[in-house]
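The following exercises are to be worked with the sequence and the structure at hand. Each task is followed by a solution in steps.

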Protein chains: 2
Amino acid sequence: MKKVINKTNDVVTEMVDGVVAAYPHVIRRLPNTSAVVRTEAPIANKVGIVSGGGSGHEPAHAGYVGKGMLDAAVAGEVFTAPTPDQILEAMKAVDSGSGVFLIIKNYTGDIMNFEMAAELAEAEGIKADYIVVNDDVAVEDSSFTTGRRGIAGTVLVHKIIGALAENGAALEEIKRVAEKTVANVRSMGVALSPSIMPGSGKASFELDENEMEIGIGIHGEPGIERKQLATADELAEELTQHVLGDLSLQEGDNIAVMVNGLGATPEMELYIVNRKVQDILQKQGMEVVRTFVGDFMTSLEMAGCSVTILKLDDELTELLQSEASTPGFHV
Amino acid sequence: MKKVINKTNDVVTEMVDGVVAAYPHVIRRLPNTSAVVRTEAPIANKVGIVSGGGSGHEPAHAGYVGKGMLDAAVAGEVFTAPTPDQILEAMKAVDSGSGVFLIIKNYTGDIMNFEMAAELAEAEGIKADYIVVNDDVAVEDSSFTTGRRGIAGTVLVHKIIGALAENGAALEEIKRVAEKTVANVRSMGVALSPSIMPGSGKASFELDENEMEIGIGIHGEPGIERKQLATADELAEELTQHVLGDLSLQEGDNIAVMVNGLGATPEMELYIVNRKVQDILQKQGMEVVRTFVGDFMTSLEMAGCSVTILKLDDELTELLQSEASTPGFHV
């Protein structure tokens with residue numbers, strides 16, 4: 001296991017130190033937690049937006065704290081939900097009295113702990129609500145998940161909801177737009193190689209030299225099919241068609257696209273995939289308003305990628321295009 | 001060889017298609033070339049800034065075309081210098097009459113081809129000048145290089161010189177600041193695993209399961225020493241001390257820092273390295289004005305990282321901090 005780390009027990013706390021040390025003008029660490037908050041938080045008359053989840057998905061989630069996206073991100077241990085007490089501390093740190101909205105990826109542990117934190121916050125007089133992102137069209141009821149998993153589409157939810165909160169929207173309005181965004185976003189991924197857990201050194205799964213797994217989860221959860229490694233065009237076709245098949249899109253619809261790297265795939269390859277994705281979308285008459293290519297929701301050193309499509313209306317388009325300035329995402 | 005590609009001969013042209021398809025509001029492809037130029041180019045009364053080099057270092061160099069950085073980037077085949085005719089086309093496309101400035105990494109092929117392009121451009125009446133970046137302190141006279149190699153520090157040169165050109169500086173002024181920047185920037189890297197050439201499928205070098213190579217080049221050129229895999233803190237210490245040892249810094253000096261991933265190293269690990277780098281710099285009394293952590297100058301799927309330090313004066317600080325908005329870099 002070749003990793004650039006110190007003690008395996010310290011990877012999360014040292015990572016959080018390293019993120020904060022890189023961007024002290026944007027974020028600070030909440031004392032005695034693995035939560036990162038905007039330096040200005042709490043911001044008056046603004047709903048605080050909080051997300052987080054297991055570590056190993058960097059730049060998610062700490063990288064999305066900043067103007068126009070999150071007010072706080074809470075990091076759990078690698079591939080493990082953050083604890084309710086830490087989520088609660090983050091909620092308290094970003095609440096200005098306007099309430100706090102949680103963006104949760106659909107994993108059983110995350111939902112349990114974020115929901116518990118929301119209840120604890122409400123008991124302390126903080127208005128709280130949340131959305132669960134479940135954009136992965138690959139499988140229902142995977143390991144760790146009832147229903148569909150939340151993957152890279154979550155970053156676009158951060159973007160849209162972050163922009164809305166920055167505009168001063170109230171909690172109810174944020175909930176409405178969050179539900180619409182989640183209803184409109186779909187993703188699917190493929191893996192060529194596994195991620196390796198820093199503690200055990202174990203691979204999240206095994207693949208033969210010429211195999212790939214379609215529909216993989218970001219913790220290495222099983223996908224739809226394991227088969228011979230395909231070309232970039234074939235992969236792009238398969239992922240994009242699966243995603244399109246689950247969205248009711250019509251010619252001329254506006255969409256946003258994300259081609260996300262899972263950690264170890266060169267950006268060159270992501271662009272080669274994007275070429276074909278855009279070709280398919282153009283042929284179907286889609287209007288691509290904005291494309292994002294890069295490592296946004298990773299799985300440690302997993303090789304592979306995912307394709308995300310977000311159907312846009314005028315409201316979502318405006319929110320997507322407005323300024324965001326965080327360590328890991330810029331518009 | 002697991003790569004998400006189509007035909008190996010097409011990787012560069014398809015990558016360029018994919019980059020342009022992702023960011024049509026920022027860049028366009030120069031017809032019949034692998035060069036990418038800003039959509040607005042040529043920009044009146046502005047010196048055109050052109051860089052480029054072999055492909056496989058993405059987001060370098062196409063990802064740095066945009067406001068406040070490059071006007072054009074020319075992509076060669078993987079790890080191969082772009083041809084003079086393509087560089088010339090890029091120079092012609094960005095020249096507004098104010099001239100063109102080339103930022104070249106110190107590799108024999110790049111220097112030969114960029115210099116030839118500059119001569120051809122001058123023969124066509126375009127004012128041209130250039131700088132050679134040689135920030136890698138690891139070795140002198142490596143494969144492909146006489147003197148020191150140009151690596152991740154090149155991105156900070158793009159940033160500084162791009163900002164200066166955006167301000168309307170003349171070619172002579174750009175040359176002066178470029179020379180100062182190159183004199184002030186130093187880097188060194190380490191690899192844990194090699195890059196794999198898309199054509200041959202060959203690894204750029206071989207390392208045992210517990211080995212790393214200190215001072216590696218971004219094409220897998222030999223470094224200083226091959227030894228047992230160290231901890232993140234030990235690696236950070238070794239790279240940072242080598243870099244600091246080659247810069248004449250004094251307590252209280254302002255610097256910029258880049259912790260650059262070589263392609264396959266999880267961002268988590270880059271942040272763990274950054275934690276220690278910042279700790280060392282703080283103990284030495286350095287004032288870190290700005291830090292950049294991420295994959296900026298990669299080597300396909302090589303695992304590893306590099307540390308870059310740029311010594312700043314007031315002029316360089318202002319240029320570093322001014323707005324840049326490109327697909328791969330934002331300030």
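**Exercise 1.** At what angle do helix α6 and helix α7 of chain A pack, and how far apart are their axes?

*Solution.* It should be noted at the outset that the model is predicted.

Step 1. Locate the helices: α6 of chain A comprises residues 232–245, and α7 of chain A comprises residues 267–283.

Step 2. The two pack at an angle of about 50°, and their axes are 8 Å apart.

Step 3. Angles of 65 to 115 degrees count as roughly perpendicular and those under 35 degrees as roughly parallel; α6(A) and α7(A) are therefore oblique to each other.

Step 4. The crossing of α6(A) with α7(A) is right-handed.

Step 5. On the side of α6(A), the contact is made by Ala232(A), Asp233(A), Ala236(A), Glu237(A), Thr240(A), Gln241(A) and Leu244(A). On the side of α7(A), the residues include Ile272(A), Val273(A), Ile280(A) and Leu281(A).

Step 6. Sorted by class, this contact of α6(A) with α7(A) has eight nonpolar, two polar and four charged residues.

**Exercise 2.** Determine how helix α4 and helix α8 of chain A are oriented, and which residues make their contact.

*Solution.* 

Step 1. Helix α4 of chain A covers residues 153–166, and helix α8 of chain A covers residues 314–321.

Step 2. Their axes come within 8 Å and cross at roughly 90°. This angle falls in the range of 65 to 115 degrees, so α4(A) and α8(A) are roughly perpendicular to each other.

Step 3. From α4(A), the contact involves Leu156(A), Lys159(A), Ile160(A), Ala163(A) and Leu164(A); from α8(A), it involves Leu316(A), Leu319(A) and Leu320(A).

Step 4. Division by class gives seven nonpolar residues, no polar residue and one charged residue for the contact of α4(A) with α8(A).

**Exercise 3.** Describe the crossing between helix α1 of chain A and helix α7 of chain B.

*Solution.* 

Step 1. The crossing of α1(A) past α7(B) is left-handed.

Step 2. Among the contact residues of α1(A) are Val11(A), Glu14(A), Met15(A) and Val19(A). Those of α7(B) are Met268(B), Tyr271(B), Ile272(B), Asn274(B), Arg275(B) and Gln278(B).

Step 3. The residues of the contact of α1(A) with α7(B) comprise eight nonpolar, three polar and three charged.

**Exercise 4.** Is Ile216(A) buried or exposed, and which residues are in contact with Ile216(A)?

*Solution.* 

Step 1. Ile216(A) belongs to the loop between β8 (211–214) and β9 (225–228) of chain A.

Step 2. The relative accessible area of Ile216(A) is 2%. Buried means under 20%, so Ile216(A) is buried.

Step 3. With neighbours within four places in sequence left aside, the contacts of Ile216(A) include Asp136(A), Arg149(A), Phe205(A), Leu262(A) and Met302(A).

Step 4. Ile216(A) and Ser306(A) are 90 residues apart in sequence, yet their C-alpha atoms are 9.2 Å apart in space.

**Exercise 5.** Carry out the analysis for Ser299(A): where does Ser299(A) lie, and is Ser299(A) buried or exposed?

*Solution.* 

Step 1. The loop between β11 (287–294) and β12 (303–312) of chain A contains Ser299(A).

Step 2. Ser299(A) has a relative accessible area of 0% and is therefore buried.

Step 3. Beyond neighbours within four places in sequence, Ser299(A) is in contact with Gly56(A), His57(A), Phe79(A), Ser195(A), Ile218(A), His219(A) and Leu262(A).

**Exercise 6.** Examine the backbone: what is the phi of Asn45(A), and which residues does the cis peptide bond with omega of about 10° join in chain A?

*Solution.* 

Step 1. Asn45(A) is not a glycine, although its phi is positive, at about 60°.

Step 2. Asn45(A) is situated in the loop between β2 (35–38) and β3 of chain A. Its relative accessible area is 63%; a value over 50% counts as exposed, so Asn45(A) is exposed.

Step 3. In chain B, phi of Asn45(B) is likewise positive, near 60°.

Step 4. The cis peptide bond joins Ala60(A) and His61(A). His61(A) occurs in the loop between β3 (48–55) and β4 (72–78) of chain A.

Step 5. In chain B, the peptide bond from Glu58(B) to Pro59(B) is cis, with omega near 10°.

Key. Residues are numbered from 1 along each chain as its sequence is written. Chains are lettered from A and ligands numbered from 1 in the order in which they are written. This is a predicted model: local features need pLDDT of at least 70, side-chain atom pairs count only at pLDDT 80 or more; totals for chains, interfaces and linings use all residues. Side-chain values use heavy atoms; hydrogens and water are left out. Helices (H or I, at least four residues) and strands (E, at least two) are DSSP runs, numbered from the N terminus. Buried means under 20% relative accessible area, exposed over 50%, partly exposed in between (1.4 Å probe, protein chains only). Axes are lines fitted to C-alpha atoms, for helices over the stretch in contact, and angles run from 0 to 180 degrees between N-to-C directions. A crossing is left-handed if the near helix is turned anticlockwise from the far one by less than a right angle, and right-handed if clockwise. Contact means heavy atoms within 4.5 Å. Ala, Val, Leu, Ile, Met, Phe, Trp, Tyr, Cys and Pro count as nonpolar, Asp, Glu, Lys and Arg as charged, and the others, Gly among them, as polar. Angles under 35 degrees count as roughly parallel, over 145 as roughly antiparallel, 65 to 115 as roughly perpendicular and the rest as oblique.
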